[in-house]
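Work through the two exercises below with the sequence and the 3D structure at hand, and try each task before you read its solution.

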Amino acid sequence: MKTQEEIINRIRQLKQEKNAVILAHYYTRPEVQDVADYLGDSLGLSQEAGKTSADVIVFCGVHFMAETASIISPQKKVLIPVPDAGCSLAEGVCGKDLAEWKQQNPDGLVVSYVNTTAEVKAYTDYCCTSSNALKVVRNLPVGKKVLFGPDRNLGQYIRWTTGRDMEVWNACCCVHQPIDAEMVLHALEQYPEADVLIHPEASCSHDERVLNHPRTFMYSTAGILKHAKESPKKQFVIATELGTLHQLRKDNPEKEFIPIHSDLICTEMKKITLENLLEALEKEQYEVHVPQEIRERAIVPIQRMVNL
């Protein structure tokens with residue numbers, strides 16, 4: 001049985017031999033984050049998949065993320081170490097749902113969070129991530145009917161912030177849904193010197209008590225890391241998946257990061273280990289393919305998102 005150091009060395013060797021790049025999400029295990037060539041949130045990972053010169057992309061994330069990389073870079077071989085790593089948001093809507101809505105609203109626009117399947121993206125007009133969702137919605141033509149999905153919390157946060165009248169699909173992230181207003185208000189009281197940094201997939205993201213508080217901030221994962229690095233404050237309460245704490249602490253060793261709750265773990269992301277990452281590279285297994293007909297339609301909303 002190989003030691004962790006031997007596994008890491010072998011991964012590095014294979015990356016060179018195969019001209020491979022490892023992309024990892026902030027919610028993966030710390031040791032997987034540390035071996036990645038690029039660590040990011042959904043938007044950053046999408047952008048990196050589009051510009052890498054590697055022949056092979058090993059995507060340490062859930063399945064829809066690897067699909068997105070394959071859509072953006074169809075000439076690359078995209079591998080996922082755990083093919084059944086799923087996402088409650090991506091499973092919360094399907095292409096048939098959007099096809100029916102479009103039939104009923106032929107002039108309407110569908111804005112889909114990037115946390116969706118390739119099939120859903122094929123019925124989407126604009127993709128977005130939590131990093132750029134506000135910008136995407138603000139750039140939509142005025143007077144058009146809009147459906148935002150699948151995350152109801154992010155959708156309601158956008159609606160509250162922009163004032164845009166949108167229909168919002170009723171699905172959620174099982175990790176962020178438990179973060180409610182009471183949890184945040186308790187943290188504000190318990191840590192009076194701390195900023196509370198919240199992902200907008202949280203169920204408190206459209207509660208005015210939270211949104212109007214001077215020490216609460218709604219951010220994508222990348223935004224959370226940026227705020228923590230640039231703020232003069234020394235203490236932060238983090239209201240998102242616990243994997244984010246690893247990079248926060250690496251970037252800011254002199255600052256304190258307190259998870260708002262100890263159970264905010266994406267078990268799907270944590271399925272990815274150094275062992276199955278190495279196996280994916282060695283065997284070039286679990287390649288993600290998106291059918292050409294779906295890819296041609298799905299690339300359009302993704303490209304609009306990346307261009308913004």
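**Exercise 1.** Determine the hand of the crossing of helix α3 and helix α4, and find which residues make the contact.

*Solution.* The crossing of α3 (residues 42-51) and α4 (residues 63-72) is right-handed, a term used if the near helix is turned clockwise from the far one by less than a right angle. Helices here are DSSP runs of H or I with at least four residues, and strands are E runs of at least two. The contact (heavy atoms within 4.5 Å) is made by S42, S46, A49 and G50 of α3 together with M65, T68, A69 and I72 of α4. Sorted by type, these residues give four nonpolar, four polar and no charged, where Gly counts as polar. The model is predicted, and local features need pLDDT of at least 70, while side-chain atom pairs count only at 80 or more and totals for chains, interfaces and linings use all residues. Residues are numbered from 1 along each chain as its sequence is written, and side-chain values use heavy atoms, without hydrogens and water.

**Exercise 2.** Describe the side chains and the partners of strand β7.

*Solution.* Begin with the directions: V146 and F148 point one way from β7 (residues 146-149), L147 and G149 point the other way, and all are buried, that is, under 20% relative accessible area with a 1.4 Å probe and protein chains only. Next, β5 (residues 109-113) pairs with β7 in the parallel sense over four bridges, pairing being counted if DSSP finds at least two bridges, and V146 is the bridge partner of L109. Finally, β7 and β8 (residues 167-168) pair in the parallel sense over two bridges, with V168 as the bridge partner of F148.

Conventions. Buried < 20%, exposed > 50% of the residue type's maximum accessible area, 1.4 Å probe, protein only. Axes fitted to C-alpha atoms, helices over the stretch in contact; angles between N-to-C directions.
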